[in-house]
Amino acid sequence: MFIDQPFQTTLRSKIPFEDIGLHSGRYVRAVIRPAPANTGIIFRRIDVEESRQTVPAHAEYATAARLCTRIQNDSGVGLETVEHFMAAFAGMGVDNAIVDIDASEAPILDGSSKPLVDAINRVGLTILTLRRRYFVVTRTLQVKLSCGAWARIEPSDKLEIDIEIDFEDVAIGRQNYLYRHGNGKFEAELASARTFCQMRDVEFMQNAGLALGGSLNNAVVVENGVVLNEDGLRMENEFARHKALDCLGDLYLLGMQVKGKLTSFRPGHALSTKLVQTLWRDPMAYQIVEDNLPITVSEGYTLPEVAAAAAV
Ligand SMILES: [Zn+2]
């Protein structure tokens, strides 16, 4: 397996996807391609001219978005709803990949990371010759939003995500989940958990031009204490597990596997984007480490190059 081993990975071959975008409701085509070591995760908007296509999936390029994670490059070209792709890459130990997408939003698939995990398993990963670098949290840091949601990250030798959600609808209610990252854990515990919403929010979102592609095929919808999806939930605590999946994907915007413990109350993308950006911009709060030796920026760590990384 590809989490608890020291070398970088990429896919053995490319993976095509086709599906609608959750918020736009438009049909989207995506291809995940192998990439060389130290590329990180890069998205390319292949529907715009070549010089502006590349959007690195990194905290430095994350921007404010409603109900999803959005990244945007220096030319103003952005991409929304990357979080379930990022969670699949983090969870499966994919260090390097280039994702071509022909729209401003990633395809929603079934609302979870399961189709991505299945496809990654189908093609397999290859281990590259360069060693992994880890983003090691060295100091506790906390962010909060005015709604009362908060997130804290603190030093730990393993990645842990400990979250609590609290929704008015009793079909969701108050749930906790503690995820400990490791070989096979993502696939077994989080990958299948779907995104969700309350029925009364659907009309509100659609009036705002959001969730136009949303349906019971790509989200769990609850109303007055009842799950409206015919087959019910896929697993116990599916809602909290999905939030943990989202947090894992957002943490991967730090550009590599993270060692630290995230604790969050009412997590969401605005909160976790704020956390990763605050963390990234505070060099006293982390070290980038290879073989237990810290690496400084001057010794070779750079952000993903916007124009770099031809697919292999
Ligand atoms: Zn999500």
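At what angle do the axes of helix α5 and helix α6 cross, and within what distance do they come?

Author: The model is predicted. In it, helix α5, residues 238-251, and helix α6, residues 269-280, cross at roughly 30°, and their axes come within 9 Å. Angles under 35 degrees count as roughly parallel, so α5 is roughly parallel to α6. The crossing of these two helices is right-handed. On the α5 side the contact is made by Asp246, Cys247, Asp250 and Leu251, and on the α6 side by His269, Ser272, Thr273 and Val276. Sorted by class, this contact of α5 with α6 holds three nonpolar, three polar and two charged residues.

Leu251 also has a place in the largest nonpolar core, which has 77 residues. Together with Met86, Phe89, Ala244, Leu248 and Leu254, Leu251 is among the members that touch the most others. For Met86, neighbours within four places in sequence set aside, the contacts are Ile41, Ala57, Gly249, Tyr252 and Leu253.

Helix α1, residues 83-92, packs on helix α2, residues 114-123, at an angle of about 45°, and the axes are 9 Å apart. The two helices are therefore oblique to each other. Here too the crossing is right-handed. His84, Phe85, Ala88 and Met92 of α1 meet Leu116, Val117 and Ile120 of α2. That contact of α1 with α2 is made up of six nonpolar residues and one polar residue, with no charged ones.

Terms used:
Residues are numbered from 1 along each chain as its sequence is written. This is a predicted model: local features need pLDDT of at least 70, side-chain atom pairs count only at pLDDT 80 or more; totals for chains, interfaces and linings use all residues. Axes are lines fitted to C-alpha atoms, for helices over the stretch in contact, and angles run from 0 to 180 degrees between N-to-C directions. Helices (H or I, at least four residues) and strands (E, at least two) are DSSP runs, numbered from the N terminus. Angles under 35 degrees count as roughly parallel, over 145 as roughly antiparallel, 65 to 115 as roughly perpendicular and the rest as oblique. A crossing is left-handed if the near helix is turned anticlockwise from the far one by less than a right angle, and right-handed if clockwise. Two residues are in contact if their C-beta atoms, placed from the backbone, lie within 7 Å. Ala, Val, Leu, Ile, Met, Phe, Trp, Tyr, Cys and Pro count as nonpolar, Asp, Glu, Lys and Arg as charged, and the others, Gly among them, as polar. A nonpolar core is a set of buried Ala, Val, Leu, Ile, Met, Phe, Trp, Tyr and Cys residues joined through C-beta atoms within 7 Å. A residue is buried if 20 or more other C-beta atoms lie within 10 Å of its own, exposed if 12 or fewer, and partly exposed in between; C-beta atoms are placed from the backbone.
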